[in-house]
Amino acid sequence: MTATRLSPGDVAPDFTLPTDDGSPVTLSDLRGRKVIVYFYPAAMTPGCTKQACDFSDNIASLKSAGYEVVGVSKDKPEKLARFRERDGLTITLASDPDLEVHKAYAAYGEKKLYGKLVEGVIRSTIVVDEDGKVAVAQYNVKATGHVAKLRRDLGLD
């Protein structure tokens, strides 16, 4: 069963997850700022690396526009730390090994992979506004070019 996808206006499910440096990140602690929460299948794979590097390359301009970025995967914090170090990432990387947050955001469930129906991580981006409500919900996003498209959708370019 796949969870109901979030839509603009929904309250974003709160979460606290460990990050690559061992400290927790809590969505409600970021109230008053806009937060881009994106879900990706696995650290250090080509598409996920491209997407994380794109967010890192854009973090200064995103922060100046009031956005924080939190990348969420099922990888353990130790692997996320290696990912950050290997690729010089400057975004927050959070670990959700039991997939609870993925499921709360409908970022885990049935998807098509090479024409077959499988269960797995659905590459998704949810933008949460200053009040903790969903402003943008994008599912099945492409890793390449996604940050540029998101910037356009948010009116930043």
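Q: Hi! Are Tyr40 and Phe83 buried or exposed?
A: Both Tyr40 and Phe83 are buried. Keep in mind that this is a predicted model.

Q: Okay, and what kind of aromatic pair do Tyr40 and Phe83 form?
A: A tilted one, with 6.2 Å from centre to centre and 45° between the planes. The pair joins distant parts of the chain, as Tyr40 is in the loop between strand S3 (34-39) and helix H1 (46-64), while Phe83 belongs to helix H2 (residues 77-87). They are 43 residues apart.

Q: Which residues are in the cluster with them?
A: Ring pairs link Tyr38, Tyr40, Phe55 and Phe83 into a cluster.

Q: How many aromatic pairs does the structure hold?
A: Five. One of the aromatic pairs is Phe15 with Tyr105.

Q: Why is the Phe15 and Tyr105 pair called edge-to-face?
A: Because their planes stand at 70°, and an angle over 60 degrees counts as edge-to-face. The ring centres are 6.1 Å apart.

Q: Where do those two sit in the chain?
A: Phe15 is in the segment before strand S1 (16-18), and Tyr105 is in the loop between helix H3 (100-104) and S6.

Q: Switching to charges: which ring does the charged end of Lys34 sit over?
A: The ring of Tyr67, at 4.7 Å from its centre.

Q: What classes of residue make up the lining?
A: Seven are nonpolar, two are polar and four are charged.

Q: Which strand gives the most to the lining?
A: Strand S6 (residues 108-113), with three residues.

Q: What does S6 pair with, and in which sense?
A: S6 pairs with strand S7 (residues 116-121) in the antiparallel sense, over six bridges. Lys111, one of the residues closest to the pocket centre, stands opposite Val118 in S7.

Q: How many residues lie between S6 and S7 in the hairpin?
A: Two residues lie between them. Tyr114, in the turn, has a positive phi of about 50°.

How values were computed: Residues numbered from 1 in each chain as written. Predicted model: local features only at pLDDT ≥ 70, side-chain atom pairs only at ≥ 80, totals over all residues. Heavy atoms only, no water. 1 Å grid on protein atoms, 1.4 Å probe; cavity = no way out; pocket = protein on both sides within 12 Å on 5 of 7 lines; lining within 4 Å. Helix = DSSP H or I, 4+ residues; strand = E, 2+ residues; numbered from the N terminus. Nonpolar A, V, L, I, M, F, W, Y, C, P; charged D, E, K, R; others polar. Phe/Tyr/Trp six-rings, centres within 6.5 Å; stacked < 30°, edge-to-face > 60°. Buried < 20%, exposed > 50% of the residue type's maximum accessible area, 1.4 Å probe, protein only. Lys NZ or Arg CZ within 6 Å of the ring centre and 35° of its normal. Pairing = 2+ DSSP bridges.
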